[in-house]
Amino acid sequence: MTTAVGTTPQSPPRPPVVPDRRRTGPRAWATRAPLLPALVFLIAVTQLPFVATLVISLFDWNSLNPDKRAFAGLDNYASVFTDTALRESVLTTILLTAGVVLATVVLGLGLALLLDRTFFGRGLVRTLLITPFLIVPVSAALLWKHALYNPEYGLLNGALSGLGELFGDTSPSQPDWIADMPLLAVIAALVWQWTPFMMLILLAGLQSRPAEVVEAARLDGASAWQTFRYLTLPHLRRYLELGVLLGAVYIVQNFDAVFTLTAGGLGTANLPYTIYQTFYQAHEYGLASAAGVVVVIGTIVIATFALRTVSSLFSEEANRA
């Protein structure tokens, strides 16, 4: 094929784009039909109860006086933010969540850096460190309450007695850990259980580092601290954000540790436990439902940021591949 001098050869015309009707046709519905029972079940067990909770939150409803049930509008939501007990529970929830998340991030990062090294028995150590996360939350709280915190036969006071005898103190102090420091006792139990979760996330981030970049930094004479500060920490930023967000989602909703260790007493009642008290003990269905809706909305906000972080991680891994 020849072309005239000074003219540009033209590419052959593209065929017209035919819309793919298989996505909306009978074949598409045939492939989606097996998923419909699961979708219906998911809606039935999650969305319908939430809609019912949302409706109940608009009523002044005490089960002890069912005849006085009346529409209250947004009054219950106003009470959530003005009631003294609920406000204190919100503050306790913030302190509990912040304390647990910060402690688990620091400890999880340290353990992840340890497990990122090669040493004898690393698989066994990793398995043992993951074990607390696999224990049922109520069982973990009972373990701390009776095996560690008990003032008469707990391991903590036993260790204090052993240290006292070692240094010549025949009658060391035997503190009641839950009564003397209730919020710290709950935080310690949750930190022990959730540190492995944070460790796994950060260990995955460490193992995704480009090995050649770290090796080049070592050959250039960078110290361990410089490598951690300028290479490891920036690389772990997304994983740290993901761990903080997911940890906050789980700890905000925690009920087991507070219920088992302190039964909400001594200033440890967080928002989920206060909702439990309002619903099952005070029988204020409307107020408890409004507080539950507030918790769900807060959790959705945090989860949205977590999903964005996960999406950015996947995008970075795809671009790197």
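This is a predicted model: local features need pLDDT of at least 70, side-chain atom pairs count only at pLDDT 80 or more; totals for chains, interfaces and linings use all residues.
## The cavity

When the whole structure is searched, one cavity of 30 Å³ or more is found. The lining of the largest cavity is made up of P137, A140, A141, A189, L190, Q193, N254, D256 and A257, and by class these residues divide into six nonpolar, two polar and one charged.

Three helices, α6 (137-148), α9 (182-207) and α13 (256-261), each contribute at least two residues to the lining of the largest cavity.

## Helices α6 and α9

Two of the helices that supply the cavity lining, α6 and α9, have axes that come within 10 Å and cross at roughly 130 degrees.

On the α6 side the contact is made by P137, A140, L143 and W144, and on the α9 side by A188, A189, W192 and Q193. By class, the contact of α6 with α9 has seven nonpolar residues, one polar residue and no charged residues. P137, A140, A189 and Q193 take part in this contact and also line the largest cavity.

## The largest pocket

The largest pocket has a volume of about 350 Å³, and its lining consists of L113, D116, R117, R209, R218, A222, S223, A224, T227, F228 and T232. Helix α11 (residues 224-235) provides the largest share of that lining, with four residues.

Sorted by class, the lining of the largest pocket holds four nonpolar, three polar and four charged residues; among the residues named in the lining are D116, R117, R209 and R218.

## Helices α4 and α12

Helix α4 (residues 84-115) packs with helix α12 (residues 237-252) at an angle of about 140 degrees, and the axes of the two lie 9 Å apart. The pair is therefore oblique, and α4 passes α12 in a right-handed crossing.

From α4, the residues that make the contact are T93, L96, T97, V100, V101 and V105, while α12 brings L240, V244, G247, A248, I251 and V252. The contact of α4 with α12 has nine nonpolar residues, three polar residues and no charged residues.

Terms used. Residues are numbered from 1 along each chain as its sequence is written. Side-chain values use heavy atoms; hydrogens and water are left out. On a 1 Å grid over the protein atoms alone, a cavity is a set of points where a 1.4 Å probe fits but cannot get out, and a pocket is an open set with protein on both sides within 12 Å along at least five of seven lines; lining residues have an atom within 4 Å of a point. Grid points are joined across faces, edges and corners, and a volume is the space filled by probe spheres set on the points. Ala, Val, Leu, Ile, Met, Phe, Trp, Tyr, Cys and Pro count as nonpolar, Asp, Glu, Lys and Arg as charged, and the others, Gly among them, as polar. Axes are lines fitted to C-alpha atoms, for helices over the stretch in contact, and angles run from 0 to 180 degrees between N-to-C directions. Angles under 35 degrees count as roughly parallel, over 145 as roughly antiparallel, 65 to 115 as roughly perpendicular and the rest as oblique. A crossing is left-handed if the near helix is turned anticlockwise from the far one by less than a right angle, and right-handed if clockwise. Contact means heavy atoms within 4.5 Å.
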